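I opened the notebook to look up one interface and some helix packing. My entries follow in the order I made them.

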Amino acid sequence: MKNQTGVSINKKSSALPKIVIGGVAFFVIVFVFNLFGSQIKNSFQIASYPLESRFFTAGESVSSFFGSFLKAGALYKENENLKTENLNLLSQISLLVQKQEDGKDINEALANCKDLGFSLVPAGIIGLDEQDMVSINKGSADGVAQGMPVINQQNVLFGKVFKVYKNFSKVILISEKSSLIDVEVQNVDDTLSKIYGAVKGKGGLSVFLDLIPVDQEIKEGDVLITSALEGTFPKGLLVGKITKVEKNDQKPFQQAQIEPFFNLKNTDNLFIITNYKNEK
Amino acid sequence: MWLKVMLLTISFYMLAVLQNSFFSYLSFLGAVPNLVFVLFFLLIFFDKQRDYYPVVLWSVIAGFFIDVFSFTYFGVAIGLLLIVGILAKKIQKSLREPRQEFPLPYFLSLFIATSISYEILFKICAHFLNGISLAEILSLGILYNIIYNTFFAIIGFFVYKKVIANAVNKNQLKLL
């Protein structure tokens, strides 16, 4: 009994220095890692890029195969093509409406996003972190900075740059739960008053529309574009389409379910608007 | 031993790259599996040593690769894996059945409890360090992550138990 007690005390007394040394070692390692954190992460991303891009392409192929299989092959592909075509048309409508409002020549409205005066940096998606964040292969060396808007070639808003490293960046998608974008319902009729609201992230790559006054009329199929009220994103970027309106007279605002236009599965390249904030 | 550490370090790296690239397209309701965590847990679960050195070793290696490809600061995943790994080991020590047959329900309950702890702690850290919304904790995203991880953990469980553990018992695969 006495021996057992003695052994027990020895064990405890010998465990304490180990915990202290282990704790100190942990903090030293973490400190050193964070001191060179950006360089370490950047080096690993560069070294892993060839492998990652191969896996990424393989993932896309496997996903397409299962997607085609599940959605009856050709029908699925045709649907995807129609969606892309639809986005192009919506993008053109968005530009037309915006240009019409500005009183400019209608022909200019058919030009792409570059004609709006934006400098675009093309970037490839190299990974998906967590649920609503993607990694892209452009960083501070390419002129990317935190907060810059990220779109695709059809002017569909994906999100904004969240963290920048030398050769890659993390982009937070509009579906992330802390994301909130001021939007307006796209309206080709100038005589009607504009309807403003906010698109909020729900997580899991989905979003919803909120803060639409109950007296405003919104309907299924309405297209939402950025309103630029908050100053983070330029005006006229495509956000999503209303799929179901949820109106409750007891609440001051109505909400709506949205089908977001951004789709990671059909996107190879993204574009970062690098000069939007500078223009303001 | 060093060969084992080297092989598993490469495995952790490959899994980290896989989950950040290949599985981006194979997400389950937006969730991407945390394969590094799954391998980490398998190593902890099937480790027969009674001390915590393997937990520390695998936490540092696995946590490093999670942190490298994550948006958070270095040390977050390492620290969290240390915490949940030590807790899992403590629970395992107090509950381990004498014959060490590692039944599936026992594995699953411990894996799910560890996963939930890790996911919630990670979201809390991401909130305070990176400003990510705390509402993520209450979202279904965590549930989808855990379901997806559990799917791979079950595969890993049978592979480890039937192939690797048997080989080790029969001295056919001494390096593991």
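Which residues of α1(B) are buried? I noted first that this is a predicted model. Then I listed the buried positions of α1(B): Phe12(B), Tyr13(B), Leu15(B), Ala16(B), Val17(B), Gln19(B) and Asn20(B).

I checked the helix itself next. Helix α1 of chain B runs over residues 2-20 and has 19 residues. From its first C-alpha to its last I read 27 Å, close to the 27 Å expected at 1.5 Å a residue.

**Helix pair in chain B**

I turned to α2 (residues 35-46) and α4 (residues 76-95) of chain B. These two helices pack at an angle of about 30 degrees, and their axes are 10 Å apart. Angles under 35 degrees count as roughly parallel, so I logged α2(B) and α4(B) as roughly parallel to each other. Their crossing is right-handed.

Which residues meet where α2(B) packs on α4(B)? From α2(B) I wrote down Phe40(B), Ile44(B) and Phe45(B). Facing them in α4(B) are Leu81(B), Gly85(B), Ala88(B), Lys89(B) and Gln92(B).

**Contact of chains A and B**

How many residues does each chain give to the contact? I found 32 residues from chain A and 30 residues from chain B. On the chain A side, the elements that give two or more residues are α1 (2-35), α2 (37-70), β1 (120-129) and β4 (157-164). I marked α2(A) as the source of the largest share, 14 residues. The chain A side divides into 14 nonpolar, 10 polar and 8 charged residues.

Key: Residues numbered from 1 in each chain as written. Chains lettered and ligands numbered in written order. Predicted model: local features only at pLDDT ≥ 70, side-chain atom pairs only at ≥ 80, totals over all residues. Contact = placed C-beta atoms within 7 Å. Helix = DSSP H or I, 4+ residues; strand = E, 2+ residues; numbered from the N terminus. Nonpolar A, V, L, I, M, F, W, Y, C, P; charged D, E, K, R; others polar. Expected span 1.5 Å × (residues − 1). Buried ≥ 20, exposed ≤ 12 C-beta atoms within 10 Å, placed from the backbone. Axes fitted to C-alpha atoms, helices over the stretch in contact; angles between N-to-C directions. Parallel < 35°, antiparallel > 145°, perpendicular 65-115°, else oblique. Left-handed = near helix turned anticlockwise from the far one by under 90°.
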